[in-house]
Amino acid sequence: KADRTRVPMLFILITSYQNAAGDDALMVNFLDFVTAQDPRFRDTGVLLLISQWDRYVGDKDVKEFIRDRMPITWNKISKPTNAYGHFTLGLINEVDGSPRIATYDEEPARRVFHWIYRTITGKNLTTWYSRFFRSSL
């Protein structure tokens, strides 16, 4: 039975690939600040997302990118209870001077949602159709 007195807490930290290096100290300062406020936050799960990854031009995967551009954040979050990844909304065009989603990529959001669910519940998220196909085989 789930402990209803303990509400799971997660921190989702997001920076773009362009601002990652500049946000490195900011991310660690935030995590240090909340831990200083309440030591229970020390064990809180962290998900670091690098946004606009589809625009990144480079030869590093996301892990190497974070280790290189965000070394103090990497040292803080590199433990099994935390996660990192890249994120994109899809193809973004400019319409009348404002960004608009031209083609939405649902896979990054799905991965984030599944990580949040698994981290909080300890179980993998299954959908009604995946249960149906598993039971009909």
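Helices (H or I, at least four residues) and strands (E, at least two) are taken here as DSSP runs, numbered from the N terminus. The model described is a predicted one, in which local features need pLDDT of at least 70 and side-chain atom pairs count only at pLDDT 80 or more, whereas totals for chains, interfaces and linings use all residues. Residues are numbered from 1 along each chain as its sequence is written, and side-chain values use heavy atoms, with hydrogens and water left out.

The secondary structure of the protein chain comprises five helices and five strands, and from the N terminus on these elements follow the order β-α-β-α-α-β-β-β-α-α. Of the 137 residues of the chain, 30% count as buried, where buried means under 20% relative accessible area, exposed over 50%, and partly exposed in between (1.4 Å probe, protein chains only). The chain exposes about 9800 Å², of which carbon and sulfur atoms supply 54%; accessible areas come from the Shrake-Rupley method with a 1.4 Å probe, and for residues only the protein chains shown count as cover. Among contacts (heavy atoms within 4.5 Å) between residues at least 6 apart in sequence, 59% join residues at least 24 apart.

Helix H1 is the place of Asp23. Asp23 is buried yet has no salt bridge, and the nearest side chain of opposite charge, that of Arg69, is 11 Å away; in this assignment Lys and Arg count as positive and Asp and Glu as negative, while His and the chain ends are not counted. When residues up to four places away in sequence are not counted, Asp23 touches Thr15 and Met70.

Five salt bridges are found in the structure, each being a side-chain nitrogen of Lys or Arg within 4 Å of a carboxyl oxygen of Asp or Glu. In one of them, Lys76 pairs with Asp32, the closest N and O atoms being 2.4 Å apart. This pair links distant parts of the chain, since Lys76 belongs to helix H3 (residues 71–77) and Asp32 to helix H1 (residues 20–37), 44 residues apart. Lys76 is partly exposed at 34% relative accessibility, and Asp32 is partly exposed with a relative accessible area of 34%. A salt bridge also joins Arg40 to Asp38, with the closest N and O atoms 2.6 Å apart; here Arg40 is exposed at 67%, whereas Asp38 is buried at 18%.

Seven aromatic pairs are present, a pair being rings of Phe, Tyr and Trp (its six-membered ring) whose centres lie within 6.5 Å, with planes under 30 degrees apart counted as stacked, over 60 as edge-to-face and the rest as tilted. The ring centres of Trp53 and Phe65 are 5.2 Å apart and the planes stand at 90°, so this pair is edge-to-face. Because Trp53 lies in the loop between strand E2 (45–51) and helix H2 (62–69), and Phe65 in helix H2, the pair ties together parts that are twelve residues apart in sequence. Both Trp53 and Phe65 are buried, and together with Tyr17 and Tyr56 they form one aromatic cluster.
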